[in-house]
Amino acid sequence: MTSGEFERVAREHKDRVHGHAAWLLRDREEARDVAQEALVRLWQHRSDVDEGASRGWLLRTVHNLCLDRHRRRAVRGIVDRDPEEAHVEDPDPGPERRALAAVMGGAIEQALACLGARDRAAVLLREVEGFSYDEIAEILGIPLGTLKASLHRSRERLRASLEKAGVRP
Amino acid sequence: VIRCEDARRLLDSRLDGEIGPVEDHELARHLDGCPSCRDVAAGLDLVSAELRNLAPAPLPDDAFLEVIERTVGSARRGEAERSAFRRVVPWVGLAAAAGLAAFGLLRVAGPPPSPEPSPLEVARARQEARAVLSLASGAVRTAESTARSRVLAGAVAPALRHLPFHRKSPL
């Protein structure tokens, strides 16, 4: 990838990369740092990444950077527990998550905030980015069956949250 | 006829566009006769629509410019510096080569260094120096004599009169 191609790709995906980081981290400053870091890493690996594969590469990098930050937060005991919690049924989001959800805005934003990081990433990659199951499984580094179960569980929880919030079709 | 459990699974497949025509037909038949699954289907459609309408979170312009500065900008600066260096290097090389060549020539063609001149060499050098001084002195005397004779003969005086500082000259 040449300098010009990199600049075009970075310009095309910068908002997507930042938005994904913002949804996973729910912290404006951290999302900005992660988005910048992902774009700089793309530059550093530009000889290995095809322009066509750059969107998936960037989102995978964002996902990994966000997981690192989640783990650091967990170690420091700040907000989230380990991101592996995405595998665990969590009917009660807990006071911290409820507090975060309260500042997220609309009902769907609040519902999303109550999902685990990996479930949230899976839903966003599918519904917002339109990636296929195979692509999402590769980005998240999980088996296809795990991904399908995650998507099914997340959609059910989001539907229930919207219903509970009085948002109906 | 499929069960509600299967129908819920197929709803996901339908949302993702991964449902076959036969399964889609079976799902539709099930939803016609099952108000509960119909509500779930409508709720899932709503979730999907809401997610697609999520407000974008654009990366601030200054953050993006910082990235460009750290990547493409840095590379361009580095390239410019390398290019300037490449332009200078041949001249520096040439100058260094010329200096070395001159130094080498001096070493080869010049007199070999001697630690101290012998008394004989010193005496000869004095003699040569006296001869040079004597010749120079003779040349000066000849020049004075020639100038004097020409001035006295009137070859120079008429011309000197035209010069400002010689207007009152007795010549």
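**Reading a two-chain helical model**

Colleague: Where is B:Thr71 found?

Modeller: B:Thr71 is found in helix H4 (residues 61-109) of chain B; helices (H or I, at least four residues) and strands (E, at least two) are DSSP runs, numbered from the N terminus. This is a predicted model, in which local features need pLDDT of at least 70 and side-chain atom pairs count only at pLDDT 80 or more, while totals for chains, interfaces and linings use all residues. Residues are numbered from 1 along each chain as its sequence is written, chains are lettered from A and ligands numbered from 1 in the order in which they are written, and side-chain values use heavy atoms, with hydrogens and water left out.

Colleague: Is B:Thr71 buried or exposed?

Modeller: Buried means under 20% relative accessible area, exposed over 50%, partly exposed in between (1.4 Å probe, protein chains only). B:Thr71 has 1% relative accessibility, so it counts as buried. Contact means heavy atoms within 4.5 Å. Leaving aside neighbours within four places in sequence, B:Thr71 is in contact with A:Phe6, A:Val40 and A:Trp43.

Colleague: How many helices and strands are there in chain B?

Modeller: Chain B has six helices and zero strands, in the pattern α-α-α-α-α-α along the sequence. Of its 171 residues, 20% count as buried. Among contacts in chain B with a separation of 6 or more, 45% come from residues 24 or more positions apart.

Colleague: Which residues are buried in helix H7 of chain A?

Modeller: In H7(A), residues 133-140, the buried residues are A:Tyr133, A:Ile136, A:Ala137, A:Ile139 and A:Leu140. Seen down the helix axis, they fall within an arc of 165°, so they line one face of H7(A); the arc is that of the directions from the helix axis to the C-beta atoms. The face turned away from that buried side carries the exposed residues A:Asp134 and A:Glu138.

Colleague: What do the buried residues of H7(A) pack against?

Modeller: They pack against helix H3 (54-76), helix H6 (117-127) and helix H8 (144-164) of chain A, together with helix H1 (4-15) of chain B. Just after H7(A), A:Gly141 takes a positive phi of about 70°.

Colleague: Which residue other than glycine has a positive phi?

Modeller: Most residues other than glycine have a negative phi. A:Arg26 has a phi near 55°, a positive value. A:Arg26 is in the loop between H1 and H2 of chain A and is buried, with a relative accessible area of 13%.

Colleague: How many salt bridges does the rule find across the interface of chain A and chain B?

Modeller: A salt bridge is a side-chain nitrogen of Lys or Arg within 4 Å of a carboxyl oxygen of Asp or Glu. The rule finds seven across this interface. In one salt bridge, the side chains of A:Arg155 and B:Asp16 meet at 2.6 Å, N to O. B:Asp16 lies in the loop between H1 and helix H2 (21-33) of chain B and counts as buried at 6% relative accessibility. Beyond neighbours within four places in sequence, B:Asp16 is in contact with A:Arg126, A:Tyr133, A:Leu151 and A:Arg155.

Colleague: How much area do chain A and chain B bury between them?

Modeller: Buried area is the accessible area (1.4 Å probe) that two parts lose on being put together, summed over both. Chain A and chain B bury about 3200 Å² between them, 64% of it on carbon and sulfur atoms. The contact takes 37 residues from chain A and 32 residues from chain B.
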